[in-house]
Amino acid sequence: MEEALVGRLEAAVSRLEAINARAQPSAVPHDLAYHESAAQDPAILAFDELVADAVGRLSAAAGKIGAEVAEVTNVLEKAFLVGKVLLVRTKQTQKPTVESMAVFMGPLNETVLEANTLAEGTRSNHANHLKAAAGSLAALAWIGYTGKGCGMPLPIAHVEESWQMAEFYSNKVLVEYKNKDPDHVEWAKALKELYVPNLRDYVKKFYPLGPVWQPPGSVANKAPSAPCPPSASLCSSSATSSQPTAGMSAVFAEISSGKPVTQGLRKVTNDMKSKNRTDRTGVVAAEAKEPRIVSAPSSTKGPAPAKLELQMGRKWVVEHHIGNKGLTIEDCDTKQSVYVYGCKDSVLQVKGKVNNITIDKCSKMGVLFKGVVAACEVVNCNSVEVQCEGLVPTISIDNTSGCQLYLSKESLEASITTAKSSEINALVPDVNSEGDWTEHSLPQQFIHAFNDGQFITTPVCHSGA
């Protein structure tokens with residue numbers, strides 16, 4: 001008897017252990033399982049290819065130069081590897097808050113700080129190399145993009161703007177070593193192509209709207225559920241339950257008891273029937289409806305608030321100023337850009353050299369600046385005046401009606417590009433009279449003539465009678 005009882009207990013324990021093993025989560029570590037899936041992610045594979053090709057080319061060129069250039073390039077390569085780890089973590093991490101974002105981006109920020117330490121306060125012969133590499137790492141901050149309102153432009157635009165700031169020093173390397181050492185030229189070209197187009201195109205293909213964060217409330221972020229209880233048949237007892245039957249069991253028990261089905265129901269008398277009740281009729285009274293008043297939507301919007309502020313420490317934004325002749329930007333540097341939008345009958349003075357200036361959808365606007373590193377752009381404007389007191393390499397005018405360009409002696413070699421624009425005049429210092437300006441109108445009409453198998457384009461020249 002005892003042996004039979006022990007055998008039954010052992011069988012019950014074996015079945016309980018089997019059920020518990022099926023209910024437990026997989027014994028494979030979560031990190032290992034996740035990294036195996038991340039290794040097959042097309043975005044991560046493409047990032048590995050980007051590091052192997054573009055960063056590998058840059059490291060090869062730095063190895064030929066050696067010294068501080070190789071050291072800062074190693075830090076750059078380390079930053080890209082840290083960026084890969086962060087991209088992998090985004091898929092298992094819920095979108096961080098503003099407070100927790102600094103912790104999430106901490107490893108990348110430490111690597112960027114390491115590169116900045118190499119570049120700052122140095123009198124090395126390769127100072128431009130160090131500053132170009134360290135400044136370019138700001139482009140990796142797109143990994144921390146969490147959506148509109150995070151204080152950062154979309155990832156593609158962020159990569160392009162960050163490289164524009166580093167390109168200033170990269171161009172210095174190209175100019176300095178153009179006819180001296182091809183290894184330095186190769187390094188500068190490899191650095192540029194790493195970001196534009198390689199990193200930019202990678203972000204455009206896989207993360208145009210930012211990293212893919214773990215959605216809130218997902219299974220991966222919840223504690224594993226408790227194992228299911230064992231089957232009742234394993235612990236069945238011969239004693240009957242003292243609990244009364246309930247639910248469908250009670251219904252079937254009542255039916256099979258043999259009692260009349262209608263027992264316990266109330267009897268409906270004739271005066272309770274709807275057809276015999278005098279307090280109810282078959283006519284439905286129509287309720288009086290109140291007239292519905294629909295207010296017409298307003299077709300006019302209030303004026304947008306005027307703005308003059310520095311965003312993210314990199315971009316000056318001047319917007320929606322009307323009749324303000326005293327707009328001034330004083331504390332600026334060559335890593336910052338200026339964007340002027342929607343201003344009318346105002347004057348802006350930039351008292352320092354910046355990276356680039358863009359004037360968009362402005363009317364009767366005047367902009368005076370010391371100089372720019374990259375370009376000055378005028379887009380969708382009407383009757384604007386732009387004056388450069390220093391050097392400007394490129395001026396672009398697009399879809400603009402009426403633009404006066406005042407060029408200093410340093411900016412006479414500027415490249416001016418116009419498209420779909422009219423009434424463009426360039427004023428240069430008069431060589432015969434100091435303080436006076438000589439006005440030159442830029443052509444807006446052209447003649448295209450087919451000659452010797454190709455079209456020859458010449459501006460229209462008007463001669464007075």
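**Ground rules.** I am working with a predicted model, where local features need pLDDT of at least 70, side-chain atom pairs count only at pLDDT 80 or more, and totals for chains, interfaces and linings use all residues. Residues are numbered from 1 along each chain as its sequence is written, and side-chain values use heavy atoms, with hydrogens and water left out.

**Overview.** I found 10 helices and 16 strands in the chain. Helices (H or I, at least four residues) and strands (E, at least two) are DSSP runs, numbered from the N terminus. I looked up burial next (buried means under 20% relative accessible area, exposed over 50%, partly exposed in between, with a 1.4 Å probe and protein chains only). Of the 465 residues in the chain, 32% are buried.

**Helices 4 and 9.** I checked how helix 4 (residues 67–90) lies against helix 9 (residues 182–206). Their axes come within 13 Å and cross at roughly 10°. Axes are lines fitted to C-alpha atoms, for helices over the stretch in contact, and angles run from 0 to 180 degrees between N-to-C directions. That crossing makes helix 4 roughly parallel to helix 9 (angles under 35 degrees count as such). Contact means heavy atoms within 4.5 Å. On helix 4, Val69, Thr73, Leu76, Phe80 and Leu87 make the contact. Helix 9 supplies Trp187, Leu191, Leu194, Tyr195 and Tyr202.

**Helix 6.** I then took helix 6 (residues 106–119), which has 14 residues. From first C-alpha to last, helix 6 reaches 20 Å, close to the 20 Å expected at 1.5 Å a residue (1.5 Å times one less than the number of residues). Its buried residues are Gly106, Leu108, Thr111, Val112, Ala115 and Ala119. Their cover includes helix 4, helix 5 (98–104) and helix 7 (127–136).

I traced seven strands in the order 1-2-4-6-8-10-12, with mixed pairing. Two strands pair if DSSP finds at least two bridges between them. Strand 1 (307–311) and strand 12 (415–419) each have a single partner strand, so one side of each is left without a neighbour in the sheet. Neighbouring strands here are turned by 10° against each other on average, direction ignored. Strand 1 pairs with strand 2 (residues 315–319) in the antiparallel sense over five bridges. There, glutamate 309 stands opposite valine 317.

Strand 11 (residues 401–406) and strand 13 (residues 422–429) pair in the parallel sense over five bridges.

Note on methods: Angles under 35 degrees count as roughly parallel, over 145 as roughly antiparallel, 65 to 115 as roughly perpendicular and the rest as oblique.
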